[in-house]
Structures are given as structure tokens and as C-alpha cells.
Amino acid sequence: MEFSLASVAKSDLRESAAKGFDVPLLVAVEGIMIEEFHLSHLPPELAVYVACYTDVKNAPYLRQQLLAGNQTFNYAFIDASTILSRRHLLTACFRACNDYIHDRLKSNNVQSEVVFCLSSNNNIGDAFRRFGISDESKDIIVVKVGDSAGGDGSQTYNKGSIESHLNEAVEGTGIDFSDSWLKGVCNLDKVRKNYKIAKPQPVKGAKTVNGDSDEALNRRSEVEVQVLGLMALRGAT
Amino acid sequence: MPTDLTTTIPAPSPTTTHVLPSPFTYSQPAPVLLTQGAEALVYKTHFLDPSTPAILKFRPSKAYRHPTLDARLTKQRVLAEARVLVKLGGVGAEGDGLCEVNVPGVLGLEWDVGRKVKGAEGAVRVRRTQGQEQGPSQRRGQSVEERVKEEEGGQKGAWILMEFVEGRSVKESLRGVDAYVKRRGEATSQEETARMNEEVKSLMRRIGRAVGAMHSRGGVVHGDLTSSNVMVRPRAGKGLNGHAEQRHEEESSSISCPDLKGEIVLIDFGLATQSIQDEDRAVDLYVLERAFGSTHPRQEDWFDAEVLQHQDGYRGSFKGANVVLKRLEEVRMRGRKRSMIG
């Protein structure tokens with residue numbers, strides 16, 4: 001059994017699709033970017049599914065479904081420009097899942113708790129405004145936390161059904177959930193603002209172009225460490 | 001509902017005397033106990049996936065304290081530590097990049113394992129969970145009653161998940177140097193001795209600078225500065241496998257001198273407080289001085305000159321350092337307690 005943060009190999013998925021698994025071949029091949037995680041320490045049957053889309057054209061429609069409380073849209077829709085890295089998002093998922101298994105969710109369900117766990121303050125609405133999908137969102141991340149055995153009580157699903165549903169609902173191009181993609185779409189200034197992190201002073205006697213990228217990388221990981229700490233401290237009084 | 005627990009959940013290994021709180025109780029691979037203090041147990045484990053090492057610091061609840069008081073104290077302490085770590089993590093390198101504070105980042109935090117949604121206790125919770133047809137617990141083959149019972153009898157306390165710091169402590173490093181010198185005996189050339197001494201001195205200056213940065217930029221007093229609470233992290237070895245292997249080879253050859261290069265990382269902020277008082281800072285230095293002197297007698301004589309007085313050490317690290325060092329002289333005369341009370 002998979003306990004690790006291993007993504008299920010893409011070739012497996014194509015194979016299962018070719019074997020006439022319950023999703024049509026075309027959709028499965030097109031939507032190979034959905035990734036399944038089993039985070040450490042959490043019960044192995046608890047799975048986190050992550051799918052990413054770029055060039056999304058129907059963000060207002062998706063947001064409307066969430067506002068209307070459409071039960072078939074039981075996902076966390078996240079604006080990718082607020083996410084620094086895979087670790088950033090998965091840490092929020094970890095806390096959401098941990099609170100879920102310990103029966104202490106603050107929001108409606110696990111999916112919304114993922115968005116809430118990204119926030120550094122205790123305001124749920126504020127968390128959705130900052131990290132959730134907006135009408136202008138172009139790059140989005142869709143997260144679903146659930147039971148890999150299928151079903152969360154209200155409905156049954158599996159990786160294939162999530163995938164086909166999302167590919168149908170989201171008008172955008174699927175893309176891998178990778179750090180390099182996030183690096184491109186993430187807005188560092190926005191992240192700093194969301195977590196109230198002061199912008200670092202420009203270095204006196206600026207460094208050479210050579211060392212520049214290295215410097216930027218360092219800053220990024222520094223910000224990430226801070227962000228994770230602030231997320232962990234949310235709710236502490 | 002009769003369910004067989006043994007088939008679904010492996011029993012905790014008999015070597016661990018302490019049961020970890022949920023969700024770490026059945027973690028695979030199991031967390032390894034590294035060290036234990038009066039208040040906390042420190043485990044090495046992993047975060048998100050098994051390839052990312054992490055430190056789990058668990059503060060079990062103390063049975064001899066009144067439950068309400070216990071929960072409050074444990075919470076206050078674990079939160080104080082986490083806040084200081086997050087605060088110092090935000091200080092980072094600034095400007096010249098010389099004055100930097102490195103601390104492990106906080107990855108996860110739980111200040112009360114037994115914490116529940118307001119008002120939902122015991123029996124109420126059973127009803128709540130039964131109401132939700134398919135709670136996560138039932139998937140684990142446990143009935144709700146069993147789960148509630150387990151939770152109530154289970155470990156209480158608080159935990160922090162932190163970044164794992166590669167490298168080794170200053171204590172280990174300096175002991176390594178001592179052992180190396182002893183083994184080589186007369187064979188050490190004068191040049192080599194001089195080079196090694198210079199390396200040790202450089203390390204000591206960097207410690208002084210790091211403490212200074214923590215005091216000034218962080219506004220934090222560590223409270224328990226010792227050479228085992230200061231780590232030397234190899235610069236390139238930020239979680240790189242290649243580096244770990246290399247170190248392993250070094251250790252097996254066992255005659256080489258430990259590498260003292262790398263960045264200083266301060267750990268264990270369990271007794272830290274946020275303070276900018278000269279007195280508190282001076283006491284912090286005094287504690288380090290006494291601890292260092294008794295742990296590393298060979299290097300004791302260098303402490304004042306390198307760690308404290310050197311321009312690249314504490315004195316040069318921030319503006320108010322002179323005043324603190326002046327105060328330190330007073331503290332040395334009287335000891336660390338100013339008042340006679342407590």
C-alpha cells in the first residue's frame with residue numbers, strides 16, 4: 001500500500017484508461033495532471049487529490065457554484081498565484097486533514113478547511129477572499145480531500161470520476177502540479193501581503209547578475225519557511 | 001459492533017516507552033526518539049513524505065498537575081516556543097548578510113492534542129459522529145465508542161513539527177576536534193595546529209555573532225544557550241543526499257578533523273523569552289559562558305576574546321552590544337539571579 005507522497009504513475013492511468021476503466025480514453029489522457037497524495041502520519045485511506053489548470057476561462061462560473069453551495073462542486077478552488085510551492089499547499093492540506101480526523105473543523109467541511117488553513121488569521125471569509133478562486137483567476141488549483149476507497153458520505157467518487165468531472169467543469173488547460181509551474185504563476189508580493197511579511201530591504205551594493213538568481217531562490221525559501229510558521233500558528237491564542 | 005483492531009492497526013513497537021499522540025501514534029516509519037528533557041521528547045520523523053526529515057517535539061501532559069493548569073502551561077510553553085521560532089525565522093539575513101539568525105522553521109503545531117470543537121465533549125461527540133454517516137473513523141474499522149474511548153484515554157499534550165537541521169552541534173564538533181588532536185598527538189605539525197585553532201576561533205566568533213543577531217534583530221533571549229543547542233549546518237548540505245554520504249565516509253575514516261565551516265543554527269527555544277533588556281541578554285551570555293567553559297575546557301580561554309569581545313563576534317554584532325557586555329561583568333560577579341527571590 002502507498003503511504004508515501006507518491007504520485008501514481010501516469011502510465012498506469014493511461015493503461016487503466018485503455019482497459020476501459022470507467023472514464024473515456026480521451027478524457028483520461030487529456031487530464032493526466034491529477035495527482036493523488038497520501039500525506040505522512042495521516043491514515044493511509046485519506047487521500048488528497050490535486051489538479052491544476054492554467055488559462056482558465058470560466059472562473060466566475062466556478063466561483064458561482066461554490067457560492068451556490070452546489071454539492072457536486074465539493075472541492076477547494078485555490079488561486080494559484082497565492083501558492084508558493086507544493087509544500088505550501090500540502091502543509092495546509094495536512095493541517096486540514098489532521099483537524100478533520102480529530103473532529104475539530106472550523107469551517108463547513110474538509111475542502112473549505114484547506115483554504116482556511118492557508119490563512120494566517122481566523123477569518124474564514126477573509127481566507128476565501130485571499131486564497132480562493134476569484135472572477136479574475138486564470139491559474140487555479142483544485143484540491144479534494146477524501147477517502148481513496150471512494151465516497152465521503154454524500155457521494156461516491158474515485159480519481160477517474162473527479163478527473164472527468166473537473167475536465168468537464170473547468171474550461172482551461174490541465175497542467176502538472178509542479179514547483180516550476182507554481183514559481184511562474186505565484187505572485188510573491190501578493191503572498192507577502194497575505195501573510196503580512198515585510199519586504200526585505202534592497203541589498204546595498206547590489207550583487208552581480210550571476211549571484212542574482214541564487215539570491216532570489218534563497219528569499220523564496222525564506223518566505224516559505226515564514227509562511228508555514230504563520231499558517232501553523234493560526235488559531236493560537 | 002465487534003471489530004478486530006489488531007488487523008487494521010499495528011501495535012506500537014515495544015521499544016518505544018512513550019506513546020505518541022495522534023496522528024503520530026501509528027506513523028510509518030515510526031518516529032525515532034533522539035533526546036528527552038524534563039518537559040519534552042524530541043523525535044526525528046518526516047513531514048508530508050518520508051524523504052523530508054523533520055523534528056517532532058512532543059510535550060506530554062503531566063499527570064501530577066491539575067488538568068486545567070496542565071493544559072494551560074503546556075499550551076503557553078509550546079506557543080511561546082513556536083512564536084519565537086517564527087519570529088526569528090522572519091529576521092533572516094539583511095543587508096550585508098553577515099548578521100543572520102538561523103533557526104529551524106515551524107512546519108506544524110498542536111497546542112492541545114485533546115482539543116475539541118467548543119462544547120462537543122464525550123457523549124455529545126459520539127452523537128455528532130454518529131450523525132455523520134461515514135466519519136473517517138469508521139473507515140479504520142473502529143466503532144465510534146472505541147474511538148472516543150481511545151481519544152480520552154490517549155496521550156494528551158502538545159507538539160511542534162520543525163525543520164530538521166543537518167550537521168551537528170557545536171559540542172559534538174569541538175569534542176571531535178579534541179579527539180582528533182589527542183589521537184594525532186605529536187604528529188600534528190605546528191602549521192596544522194595553528195590552522196585548526198584558527199578554525200575553532202572562527203567558529204566561536206560566528207556563534208557570538210549569531211547570538212548577537214538573535215538578541216538585537218530578533219529581540220529574543222534564548223534562555224538555555226549551551227554548545228549543544230548551537231548547530232553547525234554545512235552550507236551545501238541543505239537536505240542533499242550526496243552530502244550526507246560524504247559525511248558518513250568521513251566518520252568511518254575517523255581520523256579526519258571535523259568540518260567547522262557552515263552556518264550557525266540555534267535550536268531549542270523551549271526556555272526562550274522575548275526581551276530586549278540588557279540584563280536578560282547579559283544573563284544569556286553568562287549562561288553560555290559557564291556552560292561552554294565546563295563543556296570545553298580546552299577552548300574555555302578563548303571564549304571571552306573570540307565569542308564576546310571580538311569585532312566579528314558578539315561585540316561587533318549590534319549597537320547595544322557594548323552595554324550588554326558591560327552588564328555581563330556585573331552578572332559574573334553576582335551570578336545569574338539578580339533578586340534573591342525564586
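Buried here means under 20% relative accessible area, with exposed over 50% and partly exposed in between (1.4 Å probe, protein chains only). Helices (H or I, at least four residues) and strands (E, at least two) are DSSP runs, numbered from the N terminus.

This is a predicted model, in which local features need pLDDT of at least 70 and side-chain atom pairs count only at pLDDT 80 or more, while totals for chains, interfaces and linings use all residues. Residues are numbered from 1 along each chain as its sequence is written, chains are lettered from A and ligands numbered from 1 in the order in which they are written, and side-chain values use heavy atoms, with hydrogens and water left out.

**The sheet of chain B**

Chain B holds an open sheet of five strands in the order β1-β2-β3-β5-β4, with antiparallel pairing. Two strands pair if DSSP finds at least two bridges between them. The edges are β1 (32-36) and β4 (106-110) of chain B; each has a single partner strand, so one side of each is left without a neighbour in the sheet. On average, neighbouring strands of this sheet are turned by 25° against each other, direction ignored.

| Strand pair | Sense | Bridges |
|---|---|---|
| β1(B) and β2(B) | antiparallel | four bridges |
| β2(B) and β3(B) | antiparallel | seven bridges |
| β4(B) and β5(B) | antiparallel | four bridges |

The hairpin of β1(B) and β2(B) has four residues between the strands. Across this pair, B:T35 stands opposite B:V42 in β2(B).

Strand β2 covers residues 41-47 of chain B and strand β3 residues 49-60. In their hairpin there is one residue between the strands, and B:L48 takes a positive phi near 65°. B:L41 has B:F58 of β3(B) as its bridge partner, and B:Y43 stands opposite B:L56 in β3(B). Six of the seven residues of β2(B) are buried, so this strand is largely enclosed by the rest of the structure.

Contact means heavy atoms within 4.5 Å. Angles run from 0 to 180 degrees between N-to-C directions, and axes are lines fitted to C-alpha atoms, for helices over the stretch in contact. Helix α2 (residues 67-89) of chain B lies across β3, β4 and β5 of chain B and runs at about 15° to β5(B).

**Other helices of chain B**

Helix α9 (residues 278-295) of chain B has 18 residues, which at 1.5 Å a residue should span 26 Å; its end C-alpha atoms are 26 Å apart, which agrees. The expected span of a helix is 1.5 Å times one less than its number of residues. Of the 18 residues of α9(B), 14 are buried, so α9(B) is largely enclosed by the rest of the structure.

Helix α7 (residues 190-218) of chain B has 29 residues and reaches 41 Å from its first C-alpha to its last, close to the 42 Å expected. Just after α7(B), B:G219 takes a positive phi of about 65°.

**A helix pair in chain A**

Helix α5 (residues 110-118) and helix α6 (residues 124-131) of chain A pack at an angle of about 80°, with their axes 8 Å apart. That makes α5(A) roughly perpendicular to α6(A) (65 to 115 degrees; under 35 counts as roughly parallel, over 145 as roughly antiparallel and the rest as oblique). The contact is made by A:S112, A:V115, A:F116 and A:L118 of α5(A) and by A:I124, A:A127, A:F128 and A:F131 of α6(A).
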